[in-house]
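I opened this notebook to keep a record of what I looked up, element by element, in the structure shown below.

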Amino acid sequence: MAKLVRGFRDIFGPEAAALTALEAAARKVFKLYGVKELRIPTVELKELFIKSTGTTTDIVQKEMYSFEDAGHRLLALRPEGTPGVARAYIENNFTQAAPVQQFFYIGNMFRAERPQAGRYREFEQIGAEFLGNPAPAADAQAILLLKDIMQAFGVKNYSVKINSLGCEKCRPLYRQALIDYLSSSKDTLCETCQDRLERNPLRVLDCKIDGHRFAEGAPKMKLCPECEEHFNEVKRLLDGKIPYIVDTSLVRGLDYYTRTVFEFQAGDKSQNAIAAGGRYDSLIKSMGGADIPAVGWAMGAERTCLALGSLPAEEEVKVYVVSLEKSCNEYAFNVMQNLRADGIITEGGLFEKNLKGQMKQADRTKARFAVIIGGEETARGSAKLKDLTTGEQKDYPLDALAGAIKNIK
């Protein structure tokens, strides 16, 4: 018997409708902000994610789906979108042609992690990247863009946390202070965090096992004047436009973030992030490109749908077309196509079944109306419209059928 691979799933019904609605809401808001779509490949060279995402991250250490192809290249299914966007930016020479770019992507990502609510081994992300703009306005705009998508989709119960991780000037002092603070408890850290301690101690604060134990007592980042000014300006631009909390323990699980980081959270569980991002001014340069500042975010589509609460209903079938005899099939088929051309959701075409079989299928589709075509209707150029809620039926000339359906409440 054919079976799904663990951690993967089929999506249909209200869940599929919710994802489609979220994508549509996001596309509408992206258009308002002038953000253009970039479709990145599902498969990239494995080293792209190692160099960009960071060797100390869970993604690279444990979660990537990687393989060797027939040409002996080490490839990986994309675990996130930002490295692919950065590679596309470099490889397509945007640095020279048009360095300031605003991209969004919608696509499936892959991580070999333990399946959990709203996160499977194949999951959908919607993301945005603002490249070439070092101003605090880009950070604020990215956060407000995300807020507007949540609003357009209907998510209300979420909180926003922001922080600054500093830059290459002020972070080394914080990094050393964090190492000193954590070293006294090194033996109590999980094996992964013991390995991270010297290489990237900020990741300990993001650990699902150890992070909560040390976050509150950890030393706080002392920002350099430039970073402090940048962060203050971000906050000023957000004030009055979105409620937020400055959380000094907020870090992100990827190595490339600098300065502003943020997270949209829903619920009170540990896995409550529905979207997150931040500034990554050194990433493109570290990948062999020019020194280009950038800020972006990614939204977990499934988790965002869960945060909505009740899923939106699928659009219901309005009409089911029934043919009573073989000689009427072509006429009935044309009626279906004409109704669709008029914007009416229409099913039918099960003409090999008898009347009972076709009406049974109409019930399964939960259609509001049945359009019944027999020899008399075909000869007159009409159609019988039956209201499946009330049982009432009436003949209409074919050119009046669509208008009648639309006018019946």
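This is a predicted model: local features need pLDDT of at least 70, side-chain atom pairs count only at pLDDT 80 or more; totals for chains, interfaces and linings use all residues.

I then traced an open sheet of 8 strands, whose order is E1-E5-E6-E11-E10-E9-E7-E8 and whose pairing is mixed. At its edges I found strand E1 (36-37) and strand E8 (245-246), each of which pairs on one side only. Within this sheet I looked up the pair formed by strand E7 (residues 159-164) and strand E9 (residues 258-265), which is antiparallel and has 6 bridges; Ser-159 stands opposite Gln-265 there.

How do the axes of H6 and H11 cross? For helix H6 (residues 136-153) and helix H11 (residues 225-238), I read that the axes come within 8 Å and cross at roughly 40 degrees. Because of that angle, H6 counts as oblique to H11, and the crossing of the two is right-handed. On the H6 side I listed Pro-136, Ala-137, Asp-139, Ala-140, Ile-143 and Leu-144, which meet His-230, Glu-233, Val-234, Leu-237 and Leu-238 of H11. By class, the residues of this contact divide into 8 nonpolar, 1 polar and 2 charged.

I next turned to an open sheet of 3 strands, which has the order E2-E4-E3 and antiparallel pairing. Strand E2 (43-45) and E3 are at its edges with a single partner strand each, so each has one side left without a neighbour in the sheet. On average, neighbouring strands of this sheet are turned by 35 degrees against each other, if direction is ignored. Between E3 and strand E4 (residues 74-77), which run antiparallel, I found 3 bridges, and I noted that Glu-68 has Leu-74 in E4 as its bridge partner.

Is Phe-67 buried, exposed or partly exposed? This residue lies in strand E3 (residues 66-68), and I recorded Phe-67 as partly exposed because its relative accessible area is 36%, which falls between the limits of 20% and 50%. Leaving out residues up to four places away in sequence, I found that Phe-67 touches Val-43, Arg-73, Leu-74, Leu-75 and Leu-77. I also looked up Leu-45, which is 22 residues from Phe-67 in sequence and 9.8 Å from it in space, C-alpha to C-alpha.

How many residues of H4 are buried? In helix H4 (residues 82-91), which is mostly covered, I read that 8 of its 10 residues are buried, among them Pro-83, Val-85, Arg-87 and Tyr-89. Just after H4 I noted Asn-93, which takes a positive phi of about 60 degrees.

Strand E15 (residues 382-387) and strand E16 (residues 393-397) run antiparallel and are joined by 5 bridges, with Lys-384 opposite Asp-395 in E16. The hairpin has 5 residues between the strands, and in it I found Gly-391 with a positive phi near 85 degrees.

Definitions and conventions:
Residues are numbered from 1 along each chain as its sequence is written. Side-chain values use heavy atoms; hydrogens and water are left out. Axes are lines fitted to C-alpha atoms, for helices over the stretch in contact, and angles run from 0 to 180 degrees between N-to-C directions. Helices (H or I, at least four residues) and strands (E, at least two) are DSSP runs, numbered from the N terminus. Angles under 35 degrees count as roughly parallel, over 145 as roughly antiparallel, 65 to 115 as roughly perpendicular and the rest as oblique. A crossing is left-handed if the near helix is turned anticlockwise from the far one by less than a right angle, and right-handed if clockwise. Contact means heavy atoms within 4.5 Å. Ala, Val, Leu, Ile, Met, Phe, Trp, Tyr, Cys and Pro count as nonpolar, Asp, Glu, Lys and Arg as charged, and the others, Gly among them, as polar. Two strands pair if DSSP finds at least two bridges between them. Buried means under 20% relative accessible area, exposed over 50%, partly exposed in between (1.4 Å probe, protein chains only).
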